[in-house]
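Try each task yourself, then compare your steps with the solution.

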Amino acid sequence: MRKSEARELLKQARTAWEAEDWLRSAELHEQVLAHFPDEEPSAVWWYDAALAHKFLRNWQKAYELGREAAARSPRGEGDPAYWNLGIAATIQRDWATARDAWAGFGFELPEGEGAIEGRFGNACVRLDTGGQREVVWVERLCPTRGRVVNVPVTGGRRYGEIVVHDGVPNGERIVDGTTYPVFDELLLFESSDLPTLEVTVAAGEPGDLEALIGLFVEHGYGAEPASAVRMLCACCSEGSHQQERTVQAGAQQVALAAPEKDARRLLERWAGEAVIGRSWSGLKAVG
């Protein structure tokens with residue numbers, strides 16, 4: 001292939017990219033790279049080809065091309081080639097490559113081998129399952145994995161599952177003056193064994209409901225009162241949203257994440273800790 005032909009293919013690849021024809025753009029980049037893998041601008045071509053496959057959710061190709069892009073990119077300078085490789089390698093469960101990619105980006109990681117189990121702070125992730133969208137809170141285990149710490153209201157999703165999220169925020173939540181990014185989910189990485197239950201509780205004071213939530217969390221489970229759930233349109237969800245957790249007294253539905261036997265035991269304990277004002281009924285499995 002002559003360089004003039006390569007330039008024409010790259011021009012076509014850019015046109016396809018602007019039209020969001022990711023597969024065509026990736027194929028054209030790969031045709032050029034087969035002949036010119038190490039030209040001065042080739043790191044960008046490898047990156048674009050890998051990114052196109054990321055958009056296509058073709059993680060094997062994103063991983064293979066991403067390794068080539070990262071090999072030609074500077075380390076420790078926040079180069080996005082390492083971030084995309086970190087995502088793809090994580091999904092492929094190639095932990096050695098994922099660790100090297102995050103280090104290449106500039107992250108300090110906990111020592112060890114295998115899956116990264118660090119403390120990267122809290123964030124929000126927008127779950128997407130068959131068109132249903134729900135923003136949940138996660139504890140970030142690494143730059144791209146987070147453990148869900150809400151009880152999702154979306155069917156089929158569970159407290160404690162681990163998701164892989166994108167690297168570019170798509171919205172933010174502000175709580176008590178602190179801003180948290182909202183990332184889009186890329187895939188469900190590990191499911192959770194904890195079933196989702198629903199119960200009607202009566203709480204005399206907001207503090208009674210807070211005590212119920214704390215009791216379940218203390219035992220590694222989840223509790224999500226209906227009064228704490230906010231419905232937002234897509235535009236608001238992807239923007240900046242001031243969020244306050246308001247827990248109300250009175251009777252309401254509470255979603256629980258726990259084995260039914262343990263849920264009954266904890267509900268009984270919670271109700272028995274107050275002489276009046278606390279009761280529950282109608283515990284049932286919903287997911």
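Two residues are in contact when they have heavy atoms within 4.5 Å. Keep in mind that this model is predicted.

**Exercise 1. Describe the protein as a whole.**

Step 1: Start with the secondary structure, which comes to nine helices and eleven strands.
Step 2: Turn to the extent of the C-alpha trace, about 85 × 40 × 35 Å along the principal axes.
Step 3: Look at the contacts with a separation of 6 or more; 57% of them are between residues 24 or more positions apart.
Step 4: Finish with burial: of the 287 residues, 45% are buried.

**Exercise 2. Is R93 buried, partly exposed or exposed, and what is it in contact with?**

Step 1: Find R93 in the loop between helix 5 (80-91) and helix 6 (95-105).
Step 2: Recall that buried means under 20% relative accessible area and exposed means over 50%.
Step 3: R93 has a relative accessible area of 43%, so R93 is partly exposed.
Step 4: Set aside the neighbours within four places in sequence, and R93 is in contact with F189 and E190.
Step 5: Compare sequence with space: R93 and F189 are 96 residues apart in sequence, but 9.9 Å apart from C-alpha to C-alpha.

**Exercise 3. Which residues are closest to the centre of the second largest pocket?**

Step 1: Note the volume of the second largest pocket, about 230 Å³.
Step 2: This pocket is lined by 19 residues, and the closest to its centre are P152, V153, E198, A255 and V286.
Step 3: Strand 7 (196-203), strand 8 (222-225) and strand 10 (250-257) are the elements that give two or more residues to the lining.

Methods. Residues numbered from 1 in each chain as written. Predicted model: local features only at pLDDT ≥ 70, side-chain atom pairs only at ≥ 80, totals over all residues. Heavy atoms only, no water. Helix = DSSP H or I, 4+ residues; strand = E, 2+ residues; numbered from the N terminus. Buried < 20%, exposed > 50% of the residue type's maximum accessible area, 1.4 Å probe, protein only. 1 Å grid on protein atoms, 1.4 Å probe; cavity = no way out; pocket = protein on both sides within 12 Å on 5 of 7 lines; lining within 4 Å. Points joined across faces, edges and corners; volume = space filled by probe spheres on them.
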